[in-house]
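Subject: Structure handover and findings

Hello,

I am passing this structure on to you.

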Amino acid sequence: MDENLTLIWGRCLQFMRDNLNAAEDNTDLKKLENSFDLLFDNVQPVSLVSNNLTLLVPSDFYKEYIEDNYLSLLSAALKKNIGKGVKLWYSVMENKPSGQDSPITVNQKGKSIATPKIQEALPPSMAANLINPFVVPGMQKVKIDSNLKADFSFDNYVEGESNKFASTVAKSIAKRPGATAFNPLFLYGGYGVGKTHLGHAIGLEVKNAFPDKVVLYLSSEKFIQQFVSAAKAHKQTEFANFYQMVDVLIIDDIQFLSGKKSTQDSFFHIFDYLHQNGKQIILTSDKAPVDILDIQERIVSRFKWGLSAEIKSPDFDTRRKIIVDKLSRDGIVLTEDMLDFLASEVKTNVRELIGVINSVIAYSTIYKSDLSLELLKETINKIAANQKKVINIPYIQDVVCEYFGIQREQLLSKTRKREIALPRQLAMYFAKEFTNATFTKIGEEMGGKDHSTVMYACDTIKDVSKIDKELKKYVKELTEKIKQ
């Protein structure tokens with residue numbers, strides 16, 4: 001290693017240590033004892049050529065951890081000790097092939113490198129009458145940042161039975177945005193199942209295939225905030241004109257338009273204009289179009305013009321594929337029984353599964369422990385012990401089902417048999433007691449029951465438990481179990 005580079009890197013590390021306490025991005029890393037030294041002791045500078053600094057890291061985990069938690073601090077250190085415009089590269093080590101003395105390394109760009117997200121400026125004549133909600137006033141040219149995440153590509157999206165249909169449709173749209181029957185594409189499903197990833201993947205693919213198209217991703221909350229600001233400034237028309245310039249519009253969590261009448265009116269006209277002009281619209285939601293409350297019927301009807309695709313929680317095989325895909329990118333290989341164990345541990349959504357995988361990788365990498373089935377169990381037990389149990393409706397359903405020895409499918413069914421109806425009423429009662437969910441929301445989570453059914457169940461359990469000893473016992477014991 002170049003002696004001068006070693007000195008420069010040493011000064012960068014010292015600068016980062018000195019400013020560690022002031023770093024806003026460092027909250028999570030402080031939870032690990034001596035995390036800074038444990039992390040950067042395994043990072044080495046390889047070369048500094050034409051302001052391109054390459055760091056050697058043991059795996060993708062190190063690269064991601066540095067960029068997620070230390071990038072701003074590292075950038076400041078590089079600027080101070082090297083100068084402006086330093087571009088960061090990583091040389092990532094992979095598995096060492098049999099018979100080879102040293103591992104293979106793969107060079108990857110760092111996030112500090114500028115990416116071509118800024119799209120073409122609109123013509124000056126058009127820009128003069130346009131307000132851009134994404135830029136500060138005074139900018140002479142209207143430019144749109146796509147807001148797309150490079151990691152959320154089709155290449156990184158693991159297909160399975162739970163998402164294959166939605167994924168296939170998404171790829172078809174990316175090839176011909178606005179020219180298929182799938183417009184709008186309405187993706188819906190629970191938390192963390194991959195709806196946002198798929199929306200970004202379409203946008204990224206469109207930008208690669210059609211660089212001139214204007215692609216824009218944003219959350220519905222951002223859309224609402226922008227509309228409110230435009231309305232206060234009496235710029236609703238300019239606001240709508242801006243969105244009419246977009247070729248592919250991707251809005252996340254569209255259900256939050258619920259109850260926002262004025263915003264819905266603006267969205268309706270933007271939607272109609274884009275659709276009539278062959279522009280692609282992609283929307284995500286945690287529920288199907290017909291289940292979104294307090295939203296205009298004319299908007300719901302337009303949601304149905306294209307295709308609604310549900311993405312369900314990943315099944316065992318899909319979870320297993322996700323684990324293999326994630327670990328292979330970090331150069332980690334697990335045995336079959338270890339893969340089966342991990343896949344069986346987290347059943348709710350992809351986001352939680354990735355969190356468990358990252359925790360296992362971190363434990364193994366930082367503490368230099370070989371992965372084994374025992375280590376996996378130990379690590380996951382520690383994760384569970386350090387996490388506060390969130391009391392939500394699915395959790396309450398699980399506790400009630402386990403208590404009465406029934407399946408979730410039975411609890412959510414329409415049967416009125418007492419051995420199922422009573423646990424169902426108890427689950428509704430506890431959902432109202434322990435969560436902030438409305439009667440309508442509880443009914444939706446309990447197999448699509450009417451809000452009046454939930455109200456009746458809550459009143460029945462509350463009244464009858466005062467005089468029925470057996471029911472009183474159920475309420476007492478289940479309350480204790482839920483609180484545990």
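Below are the findings, starting with the whole chain and then moving to single elements and residues.

This is a predicted model, in which local features need pLDDT of at least 70 and side-chain atom pairs count only at pLDDT 80 or more, while totals for chains, interfaces and linings use all residues. Residues are numbered from 1 along each chain as its sequence is written, and side-chain values use heavy atoms, with hydrogens and water left out.

The whole chain

The chain has 21 helices and nine strands. Both are DSSP runs, numbered from the N terminus: helices are H or I with at least four residues, strands are E with at least two. Of the 484 residues, 45% are buried. Buried means under 20% relative accessible area, exposed means over 50%, and partly exposed lies in between (1.4 Å probe, protein chains only). The chain exposes about 25800 Å², and carbon and sulfur atoms supply 50% of that area. Accessible areas come from the Shrake-Rupley method with a 1.4 Å probe; for residues, only the protein chains shown count as cover. Now the contacts, meaning heavy atoms within 4.5 Å. Among contacts with a separation of 6 or more, 71% are between residues 24 or more positions apart.

The five-stranded sheet

What is the strand order in the open sheet of five strands? The order is β6-β7-β8-β5-β9, and the pairing is parallel. The edges are β6 (215–219) and β9 (307–310). Each has a single partner strand, so one side of each has no neighbour in the sheet. On average, neighbouring strands are turned by 15° against each other, direction ignored. Helix α6 (residues 164–175) packs on this sheet and touches β5, β8 and β9. The direction of α6 makes about 140° with that of β9. Axes here are lines fitted to C-alpha atoms, for helices over the stretch in contact, and angles run from 0 to 180 degrees between N-to-C directions.

Now the pairs, strand by strand. Two strands pair if DSSP finds at least two bridges between them. Strands of a sheet pair through backbone hydrogen bonds, either parallel or antiparallel.

- β6 and β7 run parallel and are joined by five bridges. Y217 has I250 in β7 as its bridge partner.
- β7 (residues 248–252) and β8 run parallel, with four bridges. V248 stands opposite Q280 in β8.
- β5 and β8 pair in the parallel sense over four bridges. Y188 has S285 in β8 as its bridge partner.
- β5 and β9 also pair in the parallel sense over four bridges. L185 stands opposite L307 in β9.

Q280

Q280 lies in strand β8 (residues 280–285). Its relative accessible area is 0%, so Q280 counts as buried. The Q280 side chain reaches the backbone oxygen of F182 at 3.1 Å. That is a polar contact: a pair of N or O atoms within 3.5 Å; within protein, one must be able to donate a hydrogen and the other to accept it, and residues adjacent in sequence count only if both atoms are side-chain atoms. Leaving out residues up to four places away in sequence, Q280 touches residues including I173, P177, L185 and V248.

The annotated site

Which residues does UniProt mark as "binding site"? The unreviewed entry places this feature at G192, G194, K195 and T196. UniProt positions are in the numbering used here, feature names are shortened, and annotations may be inferred rather than shown by experiment. G192 is in the loop between β5 (185–188) and α7 (195–209). G192 is buried, at 7% relative accessibility. G194 is in the loop between β5 and α7. G194 is buried, at 17%.

S266 is in helix α10 (residues 261–276). S266 is buried, at 11% relative accessibility. Not counting residues up to four places away in sequence, S266 touches F227 and F239.

S328 lies in helix α12 (residues 316–329). S328 is partly exposed, at 45%. S328 and D60 are 268 residues apart in sequence, yet 9.7 Å apart in space, C-alpha to C-alpha.

Best wishes
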